[in-house]
Amino acid sequence: MGIKVKSLIIAALAVFLISTAFFSKTEATFGINDIIPNEEKLGMICIKSVLTAAELNIEAEPIEEKEMPKITDQTDNDKVVEISEKPQVIIYHTHSSESYMPYKEGNYHREEEAGTVREVGDVLEEELEKMGINVIHDKTVHDRPSYNESYERSLSTIKVLSEKYPTAEYIIDLHRDAAPASANEGKYTTIDDKRVATFSLVVGGANENYVELYDFAEEICEEAGNISEGFRGKIIEKDYNYNQFVSNKALLLEVGNNKNTIEEANECARYFAQVIGGVIRGNQ
């Protein structure tokens, strides 16, 4: 221990002895036992006022360190997924004006996008891109001015898109079905306590690649059944080509019918994105 420290200790002890003697005499006079500290505490106060903990060689109690919470910019559910550079899916609409409840005008056909299959296509596109799947969504109105020439016009569109985006082998022509005149509500199932429009897949038997188209439709329905048995799609065969010869993975997708609400149709699109997304990932 250095000379400086010894001197400081002697000074502190002197202060302690003098203060102890003083307060011993005054204690009885003033009656302040509960206010003035006792001799031991007073001595320590005097000593600590002169010497630091380091000079007394007293080891200070370590301060408990609390682990600070980690700050992240995003939650796991909000992680930004990088979209693939090359388009993998094309969505288009041969009957672009088909609409859902409550949009009844024009016998459930409207030129405005809201409430139509084009809006449902937007939801499907958005959900797929959340999974990192690049989507081309074409909203050309093909069933105006002539409904009967819709498939001729949509064929021109899909040929151009297929040539421009050759990596997009998953081609979805998104429609809705027509409800029977006696129907009071649309076709739906319940998933996670929500009403979800069901879907159908139409396979054109007049296509040379009919077998491949049907196999792909079965694969889609099997994947949908993994989400909910009530969501398993129905396959409809018709003797027409529906422009499905453009790809072995072409789908004519019917989401609900005109008695379904647009909300039910959009819910179907959200779940169908999981279906087609799962198939795409499984085939990569």
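Let's start with helix 4, where Val-117, Arg-118, Val-120, Gly-121, Val-123, Leu-124, Glu-125, Glu-127 and Leu-128 are buried. Here "buried" means under 20% relative accessible area, while exposed means over 50% and partly exposed lies in between, using a 1.4 Å probe and protein chains only. Helices (H or I, at least four residues) and strands (E, at least two) are DSSP runs numbered from the N terminus. The model is predicted, so local features need pLDDT of at least 70 and side-chain atom pairs count only at pLDDT 80 or more, while totals for chains, interfaces and linings use all residues. Residues are numbered from 1 along each chain as its sequence is written, and side-chain values use heavy atoms, with hydrogens and water left out.

What lies over the buried residues of helix 4? The cover includes strand 1, strand 2 (135-137), strand 3, strand 8 and helix 7, judged by contact, which means heavy atoms within 4.5 Å. Helix 4 has 14 residues and reaches 20 Å from its first C-alpha to its last, close to the expected 20 Å at 1.5 Å a residue. That expected span is 1.5 Å times one less than the number of residues in the helix. Just after helix 4 comes Gly-132, with a positive phi of about 85°.

Now step back to the whole chain. It has seven helices and eight strands, and buried residues make up 42% of its 284 residues. Among contacts between residues at least 6 apart in sequence, 75% join residues at least 24 apart.

Next, look inside. In soluble globular proteins, nonpolar side chains tend to be buried together. A nonpolar core is a set of buried Ala, Val, Leu, Ile, Met, Phe, Trp, Tyr and Cys residues joined through side-chain atoms within 4.5 Å. The largest one here has 41 residues, and Ile-220 and Phe-272 have the most contacts inside it. Among the elements that each supply at least two residues of this core are strand 1 (89-92), helix 4 (117-130), strand 3 (170-177), helix 6 (210-227), strand 8 (250-257) and helix 7 (262-282). Helix 7 gives the most, with 11 residues.

Which residues does Phe-272 touch, leaving aside its neighbours within four places in sequence? They are Leu-124, Ile-172, Phe-199, Ile-220, Phe-231, Leu-251 and Leu-253. There is also a second, separate core of nine residues, which includes Tyr-92, Ile-158, Leu-161 and Tyr-165.

Helix 7 deserves a look of its own. With 21 residues, helix 7 reaches 30 Å from its first C-alpha to its last, close to the 30 Å expected at 1.5 Å a residue. Because 15 of those 21 residues are buried, helix 7 is largely enclosed by the rest of the structure.

Now for the spaces. On a 1 Å grid over the protein atoms alone, a cavity is a set of points where a 1.4 Å probe fits but cannot get out, and a pocket is an open set with protein on both sides within 12 Å along at least five of seven lines; lining residues have an atom within 4 Å of a point. Grid points are joined across faces, edges and corners, and a volume is the space filled by probe spheres set on the points.

The largest pocket has a volume of about 280 Å³. Of the 18 residues that line this pocket, His-95, Glu-98, Tyr-147, Arg-176 and Ala-178 are the closest to its centre. Strand 3 gives the most to the lining, with three residues.

There are two cavities of 30 Å³ or more. The largest cavity has a volume of about 40 Å³, and its lining includes Leu-201, Val-203, Leu-213, Gln-244 and Leu-252. Strand 6, helix 6 and strand 8 each give two or more residues to that lining. The second largest cavity has a volume of about 30 Å³, with Tyr-92, Asp-173 and Tyr-242 among the residues lining it.

Finally, find Asn-241 in the loop between strand 7 (234-238) and strand 8. Is Asn-241 buried or partly exposed? Because its relative accessibility is 24%, Asn-241 counts as partly exposed. Leaving aside neighbours within four places in sequence, Asn-241 is in contact with Ala-206 and Asn-207. Asn-241 and Ala-206 are 35 residues apart in sequence, with their C-alpha atoms 4.9 Å apart in space.
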